[in-house]
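Hi,

Here is the structure I said I would pass on. Have a look at it first, then read my notes below.

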Number of protein chains: 2
Amino acid sequence: MKIAVVGGGQLGRMMGLAGIPLGIDFVFCDPAANACAGAAGPVHVGPLDDPASVAAIADGADAITYEWEGVPASTLEPFVHSHFVAPSLRALATSQDRVAEKQLANELGLGTAPWIAVDDRAGLTTAIERVGTPAVLKTRSGGYDGKGQHRILSIDDGDAAWTALGPAGSLVLEGFVAFDRELSVIACRGRDGATVVWPITENHHEHGILRESRVLDDARTQARATAIVTTLLDELDYVGTLCIELFEVAGELLVNEFAPRVHNSGHWSIDGAETSQFENHVRAMLGWPLGRTDPLGAVAMLNCIGALPEPSAALAIGGAHLHDYGKSPRPGRKVGHLTLVAPDENTLQERLVAAREVIAATAR
Amino acid sequence: MKIAVVGGGQLGRMMGLAGIPLGIDFVFCDPAANACAGAAGPVHVGPLDDPASVAAIADGADAITYEWEGVPASTLEPFVHSHFVAPSLRALATSQDRVAEKQLANELGLGTAPWIAVDDRAGLTTAIERVGTPAVLKTRSGGYDGKGQHRILSIDDGDAAWTALGPAGSLVLEGFVAFDRELSVIACRGRDGATVVWPITENHHEHGILRESRVLDDARTQARATAIVTTLLDELDYVGTLCIELFEVAGELLVNEFAPRVHNSGHWSIDGAETSQFENHVRAMLGWPLGRTDPLGAVAMLNCIGALPEPSAALAIGGAHLHDYGKSPRPGRKVGHLTLVAPDENTLQERLVAAREVIAATAR
């Protein structure tokens with residue numbers, strides 16, 4: 001069996017490393033010749049907005065998938081009649097447009113922050129008046145890790161926000177959510193509609209970049225997150241792994257955004273769950289049964305931003321699993337992660353303290 | 001970091017797949033251009049009895065190791081002064097000679113079956129008289145998966161045994177051990193001498209080929225196996241993973257043989273232990289701290305001999321992890337394995353019944 005993956009970053013790399021033991025061959029396309037997924041299969045070099053890049057890897061593939069949600073639907077569209085392409089282009093296109101994403105969530109009865117689409121300077125003023133402040137102006141498409149966003153604390157910030165983002169095209173103003181926790185729920189749906197859901201995680205960001213995810217053992221919140229993700233997956237007739245980022249506000253869960261792919265907040269599942277988000281994604285691509293998602297203990301994941309910790313120091317921590325993406329160090333770049341698995345929450349806490357120290361010693 | 005591995009079979013493949021997430025590059029040498037370790041790094045094609053094959057992969061390697069215990073020590077000897085080569089050539093050479101292996105075990109106070117070296121036909125008669133029957137005549141070196149062995153049930157079998165194995169060179173007669181169980185213990189020793197030991201397994205062979213390994217929760221036997229393997233590792237000043245196959249006879253453990261490498265009876269550790277035998281081997285090669293070996297539940301491993309089961313059927317079993325080595329099917333060939341992880345022994349039993357059926361449906 002062969003899976004063609006559009007994008008050759010660390011998500012593709014980990015997808016491939018999860019699938020190779022199952023006897024699956026992988027082939028990637030990526031703009032960078034040294035794309036780190038190259039450890040898991042050949043990389044065809046080409047831009048991801050060109051169907052020719054996909055054509056170069058599609059031959060003989062049993063499924064075509066992607067590991068970057070910025071792939072234009074037009075790149076994949078030529079292949080939907082000749083190949084199994086998943087997740088669907090509808091899921092991809094919806095996730096690329098914050099307005100379509102929130103519209104779909106609201107239509108499905110899922111809560112979101114208050115939001116209004118903004119198409120011109122006057123519309124921004126109206127939106128600020130109706131949504132209220134604080135609020136966040138965002139580009140409708142593009143933008144990740146905190147990029148393409150501008151905070152608005154009062155109506156007076158409208159000009160600065162417009163100057164920063166107006167040229168970027170269509171925008172959306174979102175009411176600022178004073179959340180209690182940022183959570184995410186990751187699920188995988190098979191070709192037969194069977195769905196598995198991993199334990200939710202609580203996520204901590206810094207400067208818009210995920211730093212830590214902690215697996216939660218919280219049955220009530222889990223049940224609500226599971227209901228939300230299942231509703232979305234079924235509506236989209238989705239196949240593969242998907243992540244929804246959620247805000248928890250006064251006990252209520254609001255949909256922030258979803259990613260139609262494996263997700264950073266699910267990396268813990270490689271070492272900390274019975275089956276990882278990556279393995280189940282490839283199983284779903286091939287129509288194989290999905291594996292159980294039970295956690296293997298108390299689990300947390302810490303991102304390595306900019307640089308990797310010293311392996312000797314990181315691996316000296318009990319229950320530590322180090323993942324080096326094979327990328328060159330650069331400030332702000334995700335170059336690896338460290339997963340901690342512990343028999344109980346107290347032990348996990350101790351290991352987290354040690355792991356944060358090791359990572360802080362090398363972070364850039 | 002880079003590790004050069006002599007041999008490119010499934011053991012090398014799994015070693016590489018365990019090390020790639022740690023940011024380690026692998027390079028292999030193997031006689032076969034399509035060696036299945038190719039999924040984990042480039043394969044230089046060359047015979048394993050030629051130091052030139054190692055020279056072709058040694059450049060820039062931080063460690064040289066091997067995944068086949070048949071590599072002649074003379075292949076590796078030229079590199080011991082320029083590179084870190086482990087496990088040591090003494091361990092390798094001892095494991096290749098059943099007489100040296102048993103002599104070392106006995107010198108260390110470790111029990112073995114009664115044995116006598118046999119160098120000629122007359123020696124065989126003397127040996128049968130002293131060791132008694134039933135007994136097994138084996139080649140001193142070579143032979144695996146039941147090859148290179150001949151059973152002797154009475155003194156009259158001497159001629160047939162000599163005809164079969166006499167031309168093979170030096171031999172050893174071993175008293176047949178009416179064992180209660182075949183067990184193995186796998187351990188890994190770091191460059192600093194720190195040693196971790198996995199839970200022992202009970203192994204079932206058919207026609208000399210391992211079919212199943214079950215992880216045991218048996219503190220008393222574990223303690224004795226741990227003492228045996230630690231004694232051997234320390235005597236050899238060993239670095240890396242090693243397996244000792246043991247016979248349990250009336251509550252006593254006898255050393256059958258040891259392999260100075262990762263071992264089939266430890267494959268369960270990929271999915272069923274906190275750290276696998278493969279990951280700890282590569283950590284040991286680089287002088288990194290070793291990971292904990294705790295089991296993640298009740299665990300068993302079933303070999304796929306000759307052909308792989310249908311992935312859809314195998315993966316439908318709860319807690320099943322399928323490993324396809326990427327080798328072409330052939331009767332008697334190990335082409336993959338299936339690990340089962342379960343929350344308790346009863347559940348494991350149920351899953352084992354299902355897994356045996358799935359494997360029997362495809363085995364050749």
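Let's start with Asp30(A), which sits in strand S2 (residues 25-30) of chain A. Helices (H or I, at least four residues) and strands (E, at least two) are DSSP runs, numbered from the N terminus. Keep in mind that this is a predicted model: local features need pLDDT of at least 70, side-chain atom pairs count only at pLDDT 80 or more, and totals for chains, interfaces and linings use all residues. Residues are numbered from 1 along each chain as its sequence is written, while chains are lettered from A and ligands numbered from 1 in the order in which they are written.

Is Asp30(A) buried or exposed? Asp30(A) counts as buried because 26 other C-beta atoms lie within 10 Å (buried takes 20 or more, exposed 12 or fewer, partly exposed is in between, with C-beta atoms placed from the backbone). Leaving out residues up to four places away in sequence, Asp30(A) touches Gly7(A), Gly8(A), Ala35(A), Ala37(A), Val43(A) and Val45(A); contact means C-beta atoms, placed from the backbone, within 7 Å.

Now the domains, whose bounds come from an automatic or database domain assignment. Chain A has domain 1 (2-85), domain 2 (114-175) and domain 3 (181-360). The centres of domains 1 and 3 of chain A, taken over C-alpha atoms, are 22 Å apart. Across their contact, 18 residues of domain 1 of chain A meet 17 residues of domain 3 of chain A. H1(A) gives the most to the domain 1 side, with 7 residues.

Finally, the contact between chains A and B takes 24 residues from each of them.

Cheers

Methods:
Two residues are in contact if their C-beta atoms, placed from the backbone, lie within 7 Å.
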